[in-house]
Amino acid sequence: MVDDGRRVGRVGFVGRWNRANRANRGNHGAVFDAAGESGPLVELDHIGFSYHDPYGAGADSQEADTVLRDFSMTIRRGECVALLGPNGVGKTTIMRIINALEFPDAGTYRFCGTAVTRVRVEERNSLFAKALHQRIGFVFQNSDTQLFCPSVAEEIAFGPMQMGLDEAEVRRRVDDMIALFGLERLRDRAPYRLSGGEKKRVAIACCLSMNPDLLVLDEPTDGLDERNTDVVVRVLRSFVEAGKTVLLSTHHHDIVERLEARVVRVVPQE
Ligand SMILES: Nc1ncnc2c1ncn2[C@@H]1O[C@H](COP(=O)(O)OP(=O)(O)OP(=O)(O)O)[C@@H](O)[C@H]1O
Ligand SMILES: [Mg+2]
């Protein structure tokens, strides 16, 4: 157990990963505005959002419940930000918007100064979507929605392979993640045969292996025991220390303190 502390102490390979990511980014052309690279990472500006249920009651009248009204938030590079607020207030929705899984009805969302719009993301073979999904990693609250490969090692290799990194770099990243998260014993195990806490470690490892600029985590310590919580806290702290940016939602105030996170409170719509 002490081992985990030592292993997870530093994410010392971020420098090497950054170089490999920069070299790889050349494949995507200039999809982000170069001027935006020095400004904030995330800008949500007066966002309005409703889920439109095409099959539910009120479908004919286009009835929809407003989840977010005039919501604004800025995240700068190197920050660790915690979204807090009661159940159902819209924390997961905000994270889905940042990951371009939902699009606001009003207001603008900019990532690195570039507007993230449905048209840009959903166009055929979108280079923008590909680049965005490499720069933002999303750890879902339920790890089952995220894990689908036959083994833990293949699961971690999947993202770096999709990025087009060469075989040696993919292998190094898998080994780095296995060591960082103490997954040696589980390397060849099918993800559906892992415990909830083990699945969560693998899901975070999968996102980190792509070396995103921003890691978004929806209630990452939910259901984790003390030891797994410690692992997650240490990894996130050292990821931020390495100059990366983290956004998480949580109901655990001690996690906010341990991460020294800046708190953004989401308040219910009246
Ligand atoms: N796919 C969906 N279709 C319709 N309504 C939805 C959908 N997903 C969420 N909602 C509604 O949107 C509101 C915000 O949900 P969201 O999941 O963002 O809240 P949350 O702050 O993450 O809550 P929790 O703390 O429980 O995770 C809730 O009222 C929820 O019922
Ligand atoms: Mg949620």
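Predicted model: local features only at pLDDT ≥ 70, side-chain atom pairs only at ≥ 80, totals over all residues.
**Entry: the whole chain**

I began with the overall make-up. The chain has ten helices and nine strands. I then looked up burial and found that 38% of the 270 residues count as buried.

**Entry: around ligand 1**

Which residues surround ligand 1? I noted Y51, D53, V67, G85, N87, G88, V89, G90, K91, T92 and T93. I sorted this shell by class and got six polar, three nonpolar and two charged residues. I also asked which helix gives the most to the shell. That is helix 3, residues 91-98, with three residues.

**Entry: helix 3**

I stayed with helix 3 and checked how covered it is. Six of its eight residues are buried, so I wrote it down as mostly covered. The buried ones are K91, T93, I94, M95, I97 and I98. Just past the end of helix 3 I came to A100, which has a positive phi of about 60°.

**Entry: V67**

Is V67 buried or exposed? I counted 22 C-beta neighbours inside 10 Å, and the cut-off for buried is 20 or more, so V67 counts as buried. Leaving out residues up to four places away in sequence, V67 touches F49, S50, Y51, G90 and T93.

**Entry: helix 6, burial**

I moved on to helix 6, residues 152-162, where the buried residues are V152, A153, E155, I156, A157, G159 and P160. What covers them? The cover includes helix 7 (167-180) and helix 8 (196-208). After helix 6 comes G164, and its phi is positive, near 85°.

**Entry: helix 6 against helix 8**

I took the angle between helix 6 and helix 8 as about 30°, with the axes 7 Å apart. Angles under 35 degrees count as roughly parallel, and therefore these two helices are roughly parallel to each other. The crossing of helix 6 past helix 8 is right-handed. On the helix 6 side the contact is made by V152, E155, I156, F158 and G159, and on the helix 8 side by V202, A205 and C206. By class I have six nonpolar residues, one polar and one charged in this contact.

**Entry: helix 6 against helix 7**

How do helix 6 and helix 7 pack? Their angle is about 135° and their axes are 9 Å apart. That makes helix 6 oblique to helix 7. This crossing is right-handed. In helix 6, I listed A153, I156, A157, P160 and M161, which meet E169, V170, R173, V174 and M177 of helix 7. The class count for this contact is eight nonpolar, no polar and two charged residues.

**Entry: one residue in two lists**

Going back over the contacts, I found I156 in the one with helix 8 and again in the one with helix 7. I156 is also among the buried residues of helix 6.

Key:
Residues numbered from 1 in each chain as written. Chains lettered and ligands numbered in written order. Near = placed C-beta within 6 Å. Helix = DSSP H or I, 4+ residues; strand = E, 2+ residues; numbered from the N terminus. Nonpolar A, V, L, I, M, F, W, Y, C, P; charged D, E, K, R; others polar. Buried ≥ 20, exposed ≤ 12 C-beta atoms within 10 Å, placed from the backbone. Contact = placed C-beta atoms within 7 Å. Axes fitted to C-alpha atoms, helices over the stretch in contact; angles between N-to-C directions. Parallel < 35°, antiparallel > 145°, perpendicular 65-115°, else oblique. Left-handed = near helix turned anticlockwise from the far one by under 90°.
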